4 protein chains.
Amino acid sequence: MTQSAMPDVQSSFDPRNIEIDRVGIKAIKHPLTIVDGDHRQATIAECELTVALPADKKGTHMSRFVALLNAEPLVLSLATLPDWTRRMAELLHAQTADVLFAMPFFVEKSAPVSGQKALMDYQLSLSAHLDDQGQIETQLELVVPVTSLCPCSKEISSYGAHNQRSHVTVTARVTDASLSIVDLIGKIEDQGSCALWGLLKRPDEKYITEYAFDHPKFVEDMIRDVAGTLADYPGIDGYRVTVENFESIHNHSAWAVIDRLGS
Amino acid sequence: MTQSAMPDVQSSFDPRNIEIDRVGIKAIKHPLTIVDGDHRQATIAECELTVALPADKKGTHMSRFVALLNAEPLVLSLATLPDWTRRMAELLHAQTADVLFAMPFFVEKSAPVSGQKALMDYQLSLSAHLDDQGQIETQLELVVPVTSLCPCSKEISSYGAHNQRSHVTVTARVTDASLSIVDLIGKIEDQGSCALWGLLKRPDEKYITEYAFDHPKFVEDMIRDVAGTLADYPGIDGYRVTVENFESIHNHSAWAVIDRLGS
Amino acid sequence: MTQSAMPDVQSSFDPRNIEIDRVGIKAIKHPLTIVDGDHRQATIAECELTVALPADKKGTHMSRFVALLNAEPLVLSLATLPDWTRRMAELLHAQTADVLFAMPFFVEKSAPVSGQKALMDYQLSLSAHLDDQGQIETQLELVVPVTSLCPCSKEISSYGAHNQRSHVTVTARVTDASLSIVDLIGKIEDQGSCALWGLLKRPDEKYITEYAFDHPKFVEDMIRDVAGTLADYPGIDGYRVTVENFESIHNHSAWAVIDRLGS
Amino acid sequence: MTQSAMPDVQSSFDPRNIEIDRVGIKAIKHPLTIVDGDHRQATIAECELTVALPADKKGTHMSRFVALLNAEPLVLSLATLPDWTRRMAELLHAQTADVLFAMPFFVEKSAPVSGQKALMDYQLSLSAHLDDQGQIETQLELVVPVTSLCPCSKEISSYGAHNQRSHVTVTARVTDASLSIVDLIGKIEDQGSCALWGLLKRPDEKYITEYAFDHPKFVEDMIRDVAGTLADYPGIDGYRVTVENFESIHNHSAWAVIDRLGS
């Protein structure tokens, strides 16, 4: 039996009359090249690719998502994402579509005193939504790890102050595809008590210890400072920030959310 | 230095003039008793407790969330959740508040032929939002595992059909606190190709194998049938469903979303 | 067709002549009561239950593991674990058997200055191995979170010192079933730069900040101090310790292992 | 204060007289190129790099692990791993050392009937241990997803048979650095009821459905067949296999272990 002779169950009529907002594939890993200005690196993304399914159609064509992923080497950027999304929607004969690529992203950083270089990893997601008016909305999400040092602990103690690793998670609607992801990471890192580095020598460690002690911040301080930064950041229109402090004095997290994404 | 003599950094004035939507604690485990009608069981929840922080306040009082959790043995139900949320908001002097408890939830099920009894576990979350008008909105979220059997595979193959475990995740706005969680789980399970059980003897396995083969469903079929069920379910006003099939012929998932939660 | 009339495929002869070390069920959640001296609490375990399968047997009887779990309310302790393991081996007609229960375990702790009480959670596993001589070996595993404060950072900096949450994971062969898990947790916590608490008021936070600053420890210091503690701890014969510091100045962990479990 | 003038706390004498088996860094992500015969691909590894620390030394030099990772673009293979491990040990002045790189690994597969090509991902770890005699032992670990179809379900049912995704995890001591990872993956896949593919058209789906139905296997069958394959596989001396079936009729796994790694 050839393929064309086989029944195409997915294409048959569906009598329930319920539109599906999004249907497709999830949790599929794929290698790609991520491009950010002059910055270009190979990485591995976990992908989520979906389209809307009209109320009268029984099923979508799952294999086409995978075929598109494998059609050619994938080079991803804020600039190429909209076209890729439109291409997917066409291939699936869909009016609206969503794509999401989540991946590790590396930046080479120089230690603050010794200048020694090493990569730091961040978690980056790029996503796009094609609406039924043919408009594309692009978002990026970054998880930026920083140090937070507790102002209360510093203030009330005769010496020392508890500090810990924190995750700043920023989701931003991007209106300018030339936005620099590397630059944005740096601006977010600046709002912690101190940034992190992969490779630090003793003079760097002294610098960072003292810098964090000089910049104590509650989870509330960091989230406000990140929100303030994003409100003024060119190419961003709407954002959501969460900050999670993996408290070094508790077995739970301090956590805050500011949501200015709108809808 | 006594506590009252120590500077209270959190209570000081904040000049940035940025309101924080939610701030509090996250990723804290706590034992509790969950009550659903006559069903009452001990479980362990992971909790997320937050309040809004006005633009002029520097910080919230994190320890009060933990104090409230530990004030007395926690007995949780759709009926008790609103009062607990109000109590938390008062303790934190907050206008709006959010609580979330995520926990394993067990139902004793009888195997379909042998009748042998065993527990099945589901993932349950109960959450509440207190808004600035003093209104509480309650939601529940359930992850219900089922079998899905592929209609296309059945149709085109001379024998057999691929099938797999699937997760149906339902988020529902609850307007009737007497809603039965156990009943809702059963209604959701009915929409899979077959339900799952913890303990099955051979006659049960024969029954389930044939039942699933007689009820082939795409991810699109299951999500529509669950959506149809929820649309008519008493005590639910708005829902979001996702279905994820952990495909037995791929190393990725088929996945769908229907969102009728509104806002 | 009744069950006895159905073919029992699992019980048939296997010609490959390969013994299977362990076969059974995994990733099954079950509620139980954990008992440690006077301490008794409801919790939820994730269970791993396996037996050896002789070279000539095709399969084991998976449903019997689940039936045993559900036979009666499970009350687990270092003292009851061996009998439960023997019972499982008998039910499966197996010579050797392994059981593992992994669960959250709570201890009520009083804050160091204010004395305020709250639960702290630890991750506890109890496991037993029945060997072909009929001997049972019992092990416990604890993940104990503590603070670590870096001695180098303190020494080289004019003020402050970076610190962070750390996980001390202890696996110990238990020779005395009356060993107190709560006591052992306390002794492990004592080897960090400071212990953690769920609920802390400002005088407690001052105490902890200064205590940690007065007890700086590298990952190497903590692991040696834990190893020294376990070497002398009554009722323990053989141990393995790992310590992971979730560094507050890096996006990676410092990690160490001392293995004195033998075999 | 220059670095050489700063106290080097790590290098000082330790009086506790406890040797540390392994100390270093963990949970650090790094991009690398993995090479397997003619197969060469960019991927992202999570790394674990440790050395032994003598009883009289207070601490190791954590930053050197990171410096080595960043010294030059990392090209990893079974052949290059031993030298890299020796280089690390020298840099740390250590007698014994362990390295572990865990990463996604992709193979382009052609669908069995249509021949359409797409990548499939596997989880691969390469590790090496340098012992105090200067000998290196190299291991690889692979997680290979396959389909398993239940022989009992097939035998007792009038039609159909439950099946599901399974993970075959193989840890092998490698004695021949020219061993082909791609070939080994294929040989492991052959032991499932059927292999998986990323991209399948309808004729492929028919083929796979029928193939799996014609090759029913218990978790016990698959693990024995994989063990038999590994016992005869050139370049492997010692192995451990686990097989986990994510049962489509239960909310738990069937699981088996055969350990022929020795020590």
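What rotation, and what shift along its axis, superposes chain B on chain D? The numbered points below take up this question and then turn to the interface and the salt bridges.

1. Basis of the note. The model is predicted: local features need pLDDT of at least 70, side-chain atom pairs count only at pLDDT 80 or more, and totals for chains, interfaces and linings use all residues. Residues are numbered from 1 along each chain as its sequence is written, chains are lettered from A and ligands numbered from 1 in the order in which they are written, and side-chain values use heavy atoms, with hydrogens and water left out.

2. Relation of chains B and D. Chain B is superposed on chain D by a rotation of 180° with 0.0 Å of shift along the axis, at an RMSD of 0.0 Å. The two copies are thus related as by a two-fold rotation axis. Superposition here is by least squares on the C-alpha atoms of residues with pLDDT of at least 70 in both copies.

3. Relation of chains A and B. For chain A on chain B, the superposing rotation is likewise 180°, with 0.0 Å of shift along its axis and an RMSD of 0.0 Å. The same surface serves both of these copies, as 100% of the contact residues of chain A recur in chain B.

4. Extent of the B–D interface. In chain B, 37 residues are in contact (heavy atoms within 4.5 Å) with 37 residues of chain D. Chains B and D bury about 3200 Å² between them, 51% of it on carbon and sulfur atoms; buried area is the accessible area (1.4 Å probe) that two parts lose on being put together, summed over both. B:Tyr159, B:Arg165 and B:Asn251 supply 22% of the area that chain B buries against chain D, more than any other three residues. Since 100% of the interface residues of chain B are also interface residues in chain D, the copies meet through the same surface.

5. Helix α5(B) gives the most to the side of chain B that touches chain D, with eight residues. Helices (H or I, at least four residues) and strands (E, at least two) are DSSP runs, numbered from the N terminus.

6. A salt bridge between chains. The side chains of B:Lys58 and A:Asp221 meet in a salt bridge at 2.9 Å, N to O. B:Lys58 lies in the loop between β2 (39-53) and α1 (62-69) of chain B and A:Asp221 in helix α6 (residues 219-231) of chain A, so the pair joins two chains. Both B:Lys58 and A:Asp221 are buried, that is, under 20% relative accessible area, where exposed means over 50% and partly exposed in between (1.4 Å probe, protein chains only).

7. Salt bridges within a chain. D:Arg22 pairs with D:Asp98, the closest N and O atoms being 3.6 Å apart. This pair links distant parts of the chain, strand β1 (residues 20-36) and strand β4 (residues 97-110) of chain D, with the two residues 76 apart. In chain A, A:Asp14 forms a salt bridge with A:Arg16 at 2.5 Å between the closest N and O atoms. A:Asp14 counts as buried at 2% relative accessibility, whereas A:Arg16 counts as partly exposed at 26%.

Conventions:
A salt bridge is a side-chain nitrogen of Lys or Arg within 4 Å of a carboxyl oxygen of Asp or Glu.
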